[in-house]
Amino acid sequence: MTRFIFPLIFMLGLAACTKTETVIVPGNVPPPDHTIDSSTIVIYLNKTYINMLGRKPVGAEQATAMVALRAHNFSVADRQAFVQTLFLKPEYNRTLFINAETQYLNNTDSAQVAALIAQFQYQLTQASYAAYYPQLHYELGRLDTLQNVLNWMYTGQMDYRSMLRSIVNNYAYDQINMGTQNFVTSTFQNFILRYPTASELTNGENMVNGTTAELFLAVGQSKADYINIFFNSDDYIQGQVQLMFQNYLFRLPTSAEFAYYANIYKSTNDYKQLELAIFSLDEYAGV
C-alpha cells in the first residue's frame, strides 16, 4: 500500500507547480455588454425625437442612433452625445417655436401673422387711419420680428429666451391677454407657473404703463423694460426648470434639483444645456 502513496504525492506536486498562461489574441475585442434591454433604448430614442423634433426617427436615423446609444451600454455620455446630434437637426428650432406658438399664442401661425401684417400695411395707406399711423408702425415692427423669429433662430441670431420675448411682445399675444393686468399675470403664469404677488402685479403694471417701477430688483419704465427684466430674472429660470420636470419627468423638482438645474441654465445662458441635462437623466431614460 505504501509504495502507491509516494507516486501519488509526487504527481499532485507536479500538478500544483503547473503554470497557467493567458494568451491574448490581437484584435480580439469582447462584445459589448448589452445589459440594457433594447426596448428601453427604443422607447427613449423615440420619445426624445418626438419631444425635441416633433417626430419619430425616419430612415436610417433609428439604426444610427441605436449604435451610438449602445457604444457604452446606454451610458449618460452616450445619451448626451445622442441629444447633441438632435440640436443640429433643422426641426429642432422649428419645434421650439411651434410649441411656443401653440402654448402661448393659441396656435397663431405664420399665415395669421402675415394676414395681420397685410391688414396693418393696408391701413397705413388709408387717410382715415392717419391718427393711428404711429401705433400701426409699432405693431408692424413687432409682428415683423415675430415673423422672422424662426429664420433668426436658424442663423443663431436669436436663442430660446429671445424667442420667448418675441412671443409675448406682439399684437396677437396682446389680443389674447388684453389689458395690462392680464398681460403681467399671463407672463407669470406661463413662464414662472405662479400668480404674481400683489407687489409684483402693481409694479409690473406700472412699468408696462410707462411709470418707473422695480421688479425682481431691477428698475424699468416701459413694456420693453418689463419683458427684458422678466426674462432675465432668476424666477424665469426656475420656472423653466419646473416646466422641464413637469413636462418630461412628470413631477416637481426638489429644492436641490431646482438649484442645480437652474444654475446650469443661468451659468451657461443656454437653454440647450438645460435640455441636455434633463434628456440624459437615468430617470428620463427609464433605467
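**View 1. Leu-53 and Thr-48 in helix H2.** Leu-53 is found in helix H2, and the place of Thr-48 is in this helix too, which spans residues 38-53; helices (H or I, at least four residues) and strands (E, at least two) are DSSP runs, numbered from the N terminus. The model is a predicted one, in which local features need pLDDT of at least 70 and side-chain atom pairs count only at pLDDT 80 or more, while totals for chains, interfaces and linings use all residues. Residues are numbered from 1 along each chain as its sequence is written, and side-chain values use heavy atoms, with hydrogens and water left out. Leu-53 is buried, with a relative accessible area of 4%, and Thr-48 is buried with a value of 0%; buried means under 20% relative accessible area, exposed over 50%, and partly exposed in between (1.4 Å probe, protein chains only). Not counting residues up to four places away in sequence, Leu-53 touches Thr-48, Leu-86, Lys-89, Glu-91, Tyr-92 and Thr-95, where contact means heavy atoms within 4.5 Å. With the same exclusion of residues up to four places away, Thr-48 touches Leu-53, Phe-82, Val-83, Leu-86 and Tyr-284. The C-alpha atoms of Leu-53 and Asn-93 are separated by 8.2 Å, although these residues stand 40 residues apart along the chain.

**View 2. The protein as a whole.** The secondary structure of the protein comes to 16 helices and two strands. Of its 287 residues, 40% count as buried. Among contacts between residues at least 6 apart in sequence, 59% join residues at least 24 apart.

View 3. Asn-107 is found in the loop between helix H5 (91-104) and helix H6 (110-123), and Asn-107 has a positive phi of about 65° although it is not a glycine. At 49% relative accessibility, Asn-107 counts as partly exposed. H6 and helix H7 (residues 133-154) pack at an angle of about 155°, with their axes 10 Å apart, and that makes H6 roughly antiparallel to H7. Axes are lines fitted to C-alpha atoms, for helices over the stretch in contact, and angles run from 0 to 180 degrees between N-to-C directions; angles under 35 degrees count as roughly parallel, over 145 as roughly antiparallel, 65 to 115 as roughly perpendicular and the rest as oblique. The crossing of H6 and H7 is left-handed, a crossing being left-handed if the near helix is turned anticlockwise from the far one by less than a right angle, and right-handed if clockwise. On the H6 side the contact is made by Val-113, Ala-114, Leu-116, Ile-117, Phe-120, Gln-121 and Gln-123, and on the H7 side by Tyr-133, Leu-136, Glu-139, Leu-140, Leu-143, Asp-144, Leu-146 and Gln-147. The residues of this contact divide into ten nonpolar, three polar and two charged, where Ala, Val, Leu, Ile, Met, Phe, Trp, Tyr, Cys and Pro count as nonpolar, Asp, Glu, Lys and Arg as charged, and the others, Gly among them, as polar.

**View 4. Helix H8 and its N-terminal cap.** Eight of the nine residues of helix H8 (residues 160-168) are buried, so H8 is largely enclosed by the rest of the structure. The buried residues are Tyr-160, Arg-161, Met-163, Leu-164, Arg-165, Ser-166, Ile-167 and Val-168. Asp-159 caps the N-terminal end of H8, with a side-chain oxygen that lies 3.3 Å from the backbone nitrogen of Arg-161.

**View 5. Ile-176 in helix H9.** Ile-176 lies in helix H9 (residues 171-176) and, at 33% relative accessibility, counts as partly exposed. Leaving aside its neighbours within four places in sequence, Ile-176 is in contact with Tyr-104, Leu-105 and Asn-106.

**View 6. Asn-269 and the pair of helices H14 and H15.** Asn-269 lies in the loop between helix H14 (255-268) and helix H15 (271-279), where Asn-269 has a positive phi of about 50° although it is not a glycine. Asn-269 is partly exposed, with a relative accessible area of 44%. The axes of H14 and H15 come within 8 Å and cross at roughly 150°; the two helices are therefore roughly antiparallel to each other. The crossing of H14 and H15 is right-handed. In this pair, Tyr-261, Ile-264, Tyr-265 and Thr-268 of H14 meet Tyr-271, Gln-273, Leu-274, Ala-277 and Ile-278 of H15, and the residues of the contact divide into seven nonpolar, two polar and no charged.

How values were computed:
Polar contact = N/O pair within 3.5 Å; in protein donor to acceptor, adjacent residues only side chain to side chain.
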